[in-house]
Amino acid sequence: MSSSLPPPARAASQSVLSTAQNAATRHAVWLGAAAIITDQVGRVLLVHPTYHEDDRWLLPGGVVEPGEHPLDTCRREITEELGLTDLPVADVLAVHSLSSHHAEIRLGMPCPGEIRYVFDGGTLTADQVEAICLPREELSEFAFFETRDAVQRLRPVDGQIMLAAYRARLGNTATAHLADGRPTLDVPPLDHHDVHVRFRPMWDSPLNRGPVPGRLPVQQAWAWCFVPDGRIVLVADPGPRGALPMLPGGTVEKTDTTPEDTLHREAAEEAQLTLTDPVRLGWVLDETGEVYGGVGSNARLRLAARVTAIGPAAVDPATGRPFARLLATPAQAAALLGWGPPGARQAQLAVETARERWDLPGARAAAIEEIPAEGMRLS
């Protein structure tokens, strides 16, 4: 039976049907947006929902409404969930694709998959933290967690997203692209070595600029170790809960004549660095010496030094394992160390010292880089 429609109308009808069929075969997924928001010492803000059957926490964020851009969603959710208005939301740190068959999609939940954008929500001041006001019918509490603890409170895939996004911020890398929690592109050094920001109880201790009083033993010597382009070397000690970043240096041993001898020895053992001309920046008071067996009041010395050579990676004799060796700007290092504003000021002091003493340039913004296993030649 032939169609009663004239050829032009029949062609138009078939075109509409073809378009509808094509649209029906297109993938449909949920769209979400979240934010990485931290406190001054690098802990990540999580919220605890009232509507989940399990005890998992979440990053602030939510579902994109029809016609809404994910960035607008993120800003709206921060206002609705935290009561914070006009919070600057900057770069896209991560984009994550969750497939419909992922193991963490609950049985019977009709999820067609999800695309999630994770934005940089910046660092809150103490006043902003105090101003947080939760919608109690939706969220029971909020808290800031060290990343090693945050991953234990998030669903596994959410923990992977959080870490990748936060490390993209810390490492100044490109947007992280993930599928089912795993990177789809090259894995940056912070992710490769599972580096975490560690909360340090003494983070707000002031840096004393004068000489160490004679009554105080120096128990520790750490240094901002500069390479010629103005970056510094960080080491990261691997462990079962991830790698923790540190400045080169360590505990002063009885065999060390001076704290500077400690620095030279530890920098060579941990990072295979050859240093010259170490300069004392100041010292931090440790009132208990608990980490050193409760020795009582002592000084933790902070120095700056110039790196003249970086040798091949080697096993640290104290731990029996090699440390990750990273090149970072002093500002990046301060953020990774979890020292808050005092750490940023100490980093700036180190930069000024390196410029005045060795005529080194300020480090340009760059992605954190891993030192090659074979070492580096320094001009």
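This is a predicted model: local features need pLDDT of at least 70, side-chain atom pairs count only at pLDDT 80 or more; totals for chains, interfaces and linings use all residues.
What share of the 379 residues in the chain is buried? The figure is 47%.

Let me begin with the whole chain. Its secondary structure comes to nine helices and 16 strands. The C-alpha trace spans about 105 × 50 × 35 Å along its principal axes. As for contacts between residues at least 6 apart in sequence, 73% of them join residues at least 24 apart.

Now to helix H2, residues 70–82. The helix has 13 residues, and at 1.5 Å a residue these should span 18 Å; the end C-alpha atoms are 18 Å apart, so the two values agree. Its buried residues are Pro70, Thr73, Cys74, Arg76, Glu77, Ile78, Glu81 and Leu82. That list contains Thr73, Glu77 and Glu81, and also Cys74 and Ile78. On that spacing, an α-helix has 3.6 residues a turn, so residues three or four places apart point the same way. What covers these buried residues? The cover includes strands S1 (30–38), S2 (44–49), S3 (61–63), S5 (114–123) and S6 (139–145), together with helix H3 (126–131).

Past the end of H2 there are two backbone points. Gly83, just after the helix, takes a positive phi of about 75 degrees. Asp86 also has a positive phi, about 60 degrees, although Asp86 is not a glycine. Asp86 is found in the loop between H2 and strand S4 (92–98). Is Asp86 buried or exposed? Its relative accessible area is 75%, and the cut-off for exposed is over 50%, so Asp86 counts as exposed.

Next, helix H8, residues 330–337. Six of its eight residues are buried, so H8 is largely enclosed by the rest of the structure. The buried ones are Pro330, Gln332, Ala333, Ala334, Leu336 and Leu337. Just after H8 comes Gly338, with a positive phi of about 70 degrees.

On to helix H9, residues 340–358, which contains Thr353. Why does Thr353 count as buried? Its relative accessibility is 13%, and buried means under 20%. A polar atom of the Thr353 side chain lies 2.8 Å from the backbone oxygen of Leu349. Which residues does Thr353 contact, once its neighbours within four places in sequence are left aside? They are Val279, Leu281, Ala304 and Trp358.

In the loop between H9 and strand S16 (369–370) we find Asp359. Its phi is near 60 degrees, again a positive value in a residue other than glycine. Asp359 is exposed, with a relative accessible area of 66%.

The largest cavity holds about 30 Å³ of space. Its lining is made up of Thr147, Leu163, Tyr166, Arg167, Leu170, Val195, His196 and Val197. Helix H5, residues 156–171, gives the largest share of that lining, with four residues. By type, the lining divides into five nonpolar residues, two polar and one charged.

Notes
Residues are numbered from 1 along each chain as its sequence is written. Side-chain values use heavy atoms; hydrogens and water are left out. Buried means under 20% relative accessible area, exposed over 50%, partly exposed in between (1.4 Å probe, protein chains only). A polar contact is a pair of N or O atoms within 3.5 Å; within protein, one must be able to donate a hydrogen and the other to accept it, and residues adjacent in sequence count only if both atoms are side-chain atoms. Contact means heavy atoms within 4.5 Å. The expected span of a helix is 1.5 Å times one less than its number of residues. On a 1 Å grid over the protein atoms alone, a cavity is a set of points where a 1.4 Å probe fits but cannot get out, and a pocket is an open set with protein on both sides within 12 Å along at least five of seven lines; lining residues have an atom within 4 Å of a point. Grid points are joined across faces, edges and corners, and a volume is the space filled by probe spheres set on the points. Ala, Val, Leu, Ile, Met, Phe, Trp, Tyr, Cys and Pro count as nonpolar, Asp, Glu, Lys and Arg as charged, and the others, Gly among them, as polar.
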